[in-house]
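I opened my notebook beside the viewer today. Here is what I looked up, entry by entry.

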Amino acid sequence: GYGPESATSSALTPNAVNSPPTFTGNIANISGTEGQAITPVNVSSAFSDGDALTYSASPAGAAWPSGLSIDSATGIISGTIANAGTTSGLRVRATDTASQTVDSNTFDAVIATGPAQISISDANLLWSPYTWDDYGTHKSANSTGAYLKAAFTGTSVAVKVDVAALSGASV
């Protein structure tokens, strides 16, 4: 049967509804040159939520090219892509503390061909008659006056010269 009423319980405050994050921005295509670091892109401002968000490459988009990554805490996309080409359909996913997610728009990574590199055995290179040490991937001059001549076509050329041994010897 009915008994006496209980004492008044303490006050209850219902939890607020945790809404999923929203995507209100636009992630533009990423561009760069093969073998060179891209300019980092911060995508966090394109997402909003009352909770802290983490960021990842979205499984709803295309697989990200090797070398491209996103910092899960900051939402900064960075990296170096080794091969030229275009990867279309990339997406970023933001996840809140309640594991609710939202995906970005699709965007592309457009990577241009980098400068041509030639082998040390290329016929367009003429090594001076002085003694050179050949290491397969590079050569080292071991005589004063050693020189290298190169024939090329185009409007510019860049040569990488490692002078670490000279600097180490205070030359």
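**Ground rules.** I am working with a predicted model, where local features need pLDDT of at least 70, side-chain atom pairs count only at pLDDT 80 or more, and totals for chains, interfaces and linings use all residues. Residues are numbered from 1 along each chain as its sequence is written.

**Overall chain.** I found 1 helix and 15 strands in the protein chain, taken as DSSP runs (H or I, at least four residues, for helices; E, at least two, for strands) numbered from the N terminus. The radius of gyration, over C-alpha atoms, is 29 Å, well over the 16 Å of the globule rule for 171 residues (2.2 Å times the number of residues to the power 0.38), so the chain is more spread out than a compact globule. Along its principal axes, the C-alpha trace spans about 110 × 35 × 25 Å. I noted that 21% of the 171 residues are buried, meaning under 20% relative accessible area with a 1.4 Å probe, protein chains only.

**Lining of the largest pocket.** Which classes line the largest pocket? I listed 20 nonpolar, 9 polar and 5 charged residues. For the classes, Ala, Val, Leu, Ile, Met, Phe, Trp, Tyr, Cys and Pro are nonpolar, Asp, Glu, Lys and Arg charged, and the others, Gly among them, polar.

**S99.** I placed S99 in the loop between strand 9 (92-95) and strand 10 (101-103). Phi of S99 is near 65 degrees, a positive value in a residue other than glycine.

Conventions. Side-chain values use heavy atoms; hydrogens and water are left out. Buried means under 20% relative accessible area, exposed over 50%, partly exposed in between (1.4 Å probe, protein chains only).
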